[in-house]
Amino acid sequence: MNVKNAEHIATAVSPEGYPNGNLPEIAMVGRSNVGKSSLINFLTKSKSLAKVGNTPGKTRVINFFNVENKLILVDLPGYGYAKVSESERKRWEKIVETYLNNRSQLCGIIMLVDIRHLPTELDEIMYRWIITMGKPHIIVATKADKVSRSHHQRLINEIRRTLDLAPGVPVIPVSATRKMGYSEVWSEIKKICMI
Ligand SMILES: Nc1nc2c(ncn2[C@@H]2O[C@H](COP(=O)(O)OP(=O)(O)OP(=O)(O)O)[C@@H](O)[C@H]2O)c(=O)[nH]1
Ligand SMILES: [Mg+2]
């Protein structure tokens, strides 16, 4: 996908705020700070469409980005930020759960994990949730520029083993900084959304 037009179309905490229409949606899920917003900017060739790195764990809303009027990339709030209170965590859960369980045009999920670290227990719980939902999904291993390319395959295998991924689930190393993985991720998104 050679993206030329992408725009922020909605910010929401509940279904009333979701955008209207029937465009297919792909949701980004992952720990706070893993690189969800950066991935959206990378995939839309934009510098600042999605806000990056401003106080991790504070983004408690869902942002929707229309891409070429063909699909919507959905930036979900991140989990696992150490400093959130129990009530904030519950709020996160409600926002994300409501979206993932009820959004009919959600066609697939991109789960992000940092290539440098083994998926955490929360990642494992999230992944099992994704499996239960039964939607197509891929794993993006972010910040691939932070480790030498010669280690990528080993680290990907470790991610695969920790999450106990089925053989058909792709794990794609991506670097938003070095612009690596663009066509690989878009190719999977196109398959998932059938666009
Ligand atoms: N080196 C490197 N840094 C990255 C990459 N992607 C994101 N980052 C950095 O990681 C930090 C977090 O990125 P975000 O995109 O804001 O992460 P997020 O998952 O949206 O975080 P929350 O909104 O808090 O859930 C920022 O400082 C980014 O610049 C990457 O590919 N390489
Ligand atoms: Mg973000």
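1. A word on terms before we start: helices (H or I, at least four residues) and strands (E, at least two) are DSSP runs, numbered from the N terminus. This is a predicted model, in which local features need pLDDT of at least 70, side-chain atom pairs count only at pLDDT 80 or more, and totals for chains, interfaces and linings use all residues. Residues are numbered from 1 along each chain as its sequence is written, chains are lettered from A and ligands numbered from 1 in the order in which they are written, and side-chain values use heavy atoms, with hydrogens and water left out.

2. Let me begin with Asn66, which belongs to strand 3 (residues 62-67). Its relative accessible area is 9%, so Asn66 is buried (under 20%; exposed means over 50%, and partly exposed is in between, with a 1.4 Å probe and protein chains only). Beyond residues up to four places away in sequence, Asn66 touches Asn5, Ala6, Glu7, Ile9, Leu23, Leu71 and Ile72, where contact means heavy atoms within 4.5 Å.

3. A polar atom of the Asn66 side chain lies 2.8 Å from the backbone nitrogen of Asn69. That is a polar contact, meaning a pair of N or O atoms within 3.5 Å; within protein, one must be able to donate a hydrogen and the other to accept it, and residues adjacent in sequence count only if both atoms are side-chain atoms. Asn69 sits in the loop between strand 3 and strand 4 and is exposed because its relative accessible area is 60%.

4. Which other residue has a positive phi near 55 degrees without being glycine? Met194 does, and it is found in the segment after helix 5 (182-193). With 74% relative accessibility, Met194 counts as exposed.

5. Now the interior. In soluble globular proteins, nonpolar side chains tend to be buried together. A nonpolar core here is a set of buried Ala, Val, Leu, Ile, Met, Phe, Trp, Tyr and Cys residues joined through side-chain atoms within 4.5 Å. The largest one has 37 residues, and those with the most contacts inside it are Phe64, Leu76, Tyr99, Leu100, Met111 and Ile139. Helix 2 gives the most to this core, with five residues. A second, separate core of 27 residues includes Met1, Ile26, Phe65 and Trp186.

6. Arg103 is in the loop between helix 2 and strand 5 (106-114). Is it buried or exposed? Arg103 counts as buried, because its relative accessibility is 11%. Leaving out residues up to four places away in sequence, Arg103 touches Tyr18, Pro19, Glu25, Phe64, Thr98 and Lys135.

7. Finally, ligand 1. Of the 20 residues around it (a heavy atom within 4 Å), Lys36, Ser38, Gly53, Asp145 and Thr177 come nearest. One oxygen atom of ligand 1 is 2.6 Å from an N or O atom in the Ser38 side chain, and a nitrogen atom of ligand 1 is 2.7 Å from an N or O atom in the side chain of Thr177. The protein covers 82% of the 660 Å² of accessible area that ligand 1 has on its own (Shrake-Rupley method, 1.4 Å probe).
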